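Please look through the sequence and the structure shown below before reading on.

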Amino acid sequence: MSFYEIIDDITADAGIRVRAKSLEELFCKAILATFNEITDIEKVSKDREVELEVQGELPYLLADVINQLLVLHEKEKLIINHCERVEFKEDGVKLMLKGGTFDPERHPSKLVIKAATYHRLKVEKLEDGYLAEVIFDI
C-alpha cells in the first residue's frame, strides 16, 4: 500500500508514518495502515459497520482510537478497511467505519499488534497538510 510508510528505525516494535491533506484523512489513513499491517485489508469484506466515539486530545487521541479498534479486533476479529466518516468534536472524535471479520484461512497474517503506544507518537500540522507517526507494541 502506498498511502503510508513503515518506520524502520526502531528495533523491537513496528511503526507507521502517514501524510494527509486533512486531519480527518490522517486519522483514516492511520487506521487503515494499522489494519493493513495486520493483514491485507483489500482482501477483507466491508460487511460490518462500526461507530466509535473517543474522547481525548491530540496526539493521544489517535493512539486511543487505534487502541479501541485493536480491542475490537482482538474480541471480534474485526478488520477495519474503510472510513465512512470522521467528525472531530470539541472533546474528541466520532468515526463511522466499515470492515469485515478476519479469517486466517482466507486472510494472510502479518503483524500481531498489541497496542499503539504514546512513544514517539506524532500528529503534526505541516505547511501542506498533516503528518502522523505511530509506534506499535508487537
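In this predicted model, Cys28 is buried, and Cys83 is buried as well. These two residues are joined by a disulfide, with a distance of 2.5 Å from S to S, and a search of the whole structure finds 1 disulfide. Cys28 belongs to helix α1 (residues 23-38) and Cys83 to strand β4 (residues 78-89), so the pair ties together parts that are 55 residues apart in sequence. The torsion about the S-S bond of Cys28 and Cys83 is about -130 degrees, and the disulfide is therefore left-handed. In general terms, a disulfide is a covalent bond between the sulfur atoms of two cysteines.

A pair of aromatic rings is described by the distance of the centres and the angle of the planes.

Phe27 is buried, with a relative accessible area of 0%, whereas Phe88 is partly exposed, with a relative accessible area of 26%. Tyr60, in helix α2 (residues 60-76), and Tyr118, in the loop between β6 (115-116) and β7 (122-126), are 58 residues apart, and their pair links distant parts of the chain. Tyr60 counts as partly exposed at 41% relative accessibility, and Tyr118 is partly exposed too, with a relative accessible area of 45%.

Strand β4 leads on to strand β5, to which a hairpin joins it through 2 residues. The strands β4 and β5 run antiparallel and are joined by 10 bridges, while 8 bridges join β5 to strand β3 (residues 48-55), again in an antiparallel arrangement. Lys98 in β5 is the bridge partner of His82, and Lys98 is also the bridge partner of Glu49. Strand β5 (residues 92-101) is mostly covered, since 8 of its 10 residues are buried.

Which residues line the largest pocket? The lining is made up of Ile38, His73, Glu74, Lys77, Phe102, Pro104, Ser109, Lys110, Leu111, Val112 and Ile113. These lining residues divide into 6 nonpolar, 2 polar and 3 charged, and the pocket has a volume of about 200 Å³.

Technical notes: Residues numbered from 1 in each chain as written. Predicted model: local features only at pLDDT ≥ 70, side-chain atom pairs only at ≥ 80, totals over all residues. Heavy atoms only, no water. 1 Å grid on protein atoms, 1.4 Å probe; cavity = no way out; pocket = protein on both sides within 12 Å on 5 of 7 lines; lining within 4 Å. Points joined across faces, edges and corners; volume = space filled by probe spheres on them. Nonpolar A, V, L, I, M, F, W, Y, C, P; charged D, E, K, R; others polar. Disulfide = S-S within 2.5 Å. Helix = DSSP H or I, 4+ residues; strand = E, 2+ residues; numbered from the N terminus. Buried < 20%, exposed > 50% of the residue type's maximum accessible area, 1.4 Å probe, protein only. Pairing = 2+ DSSP bridges.
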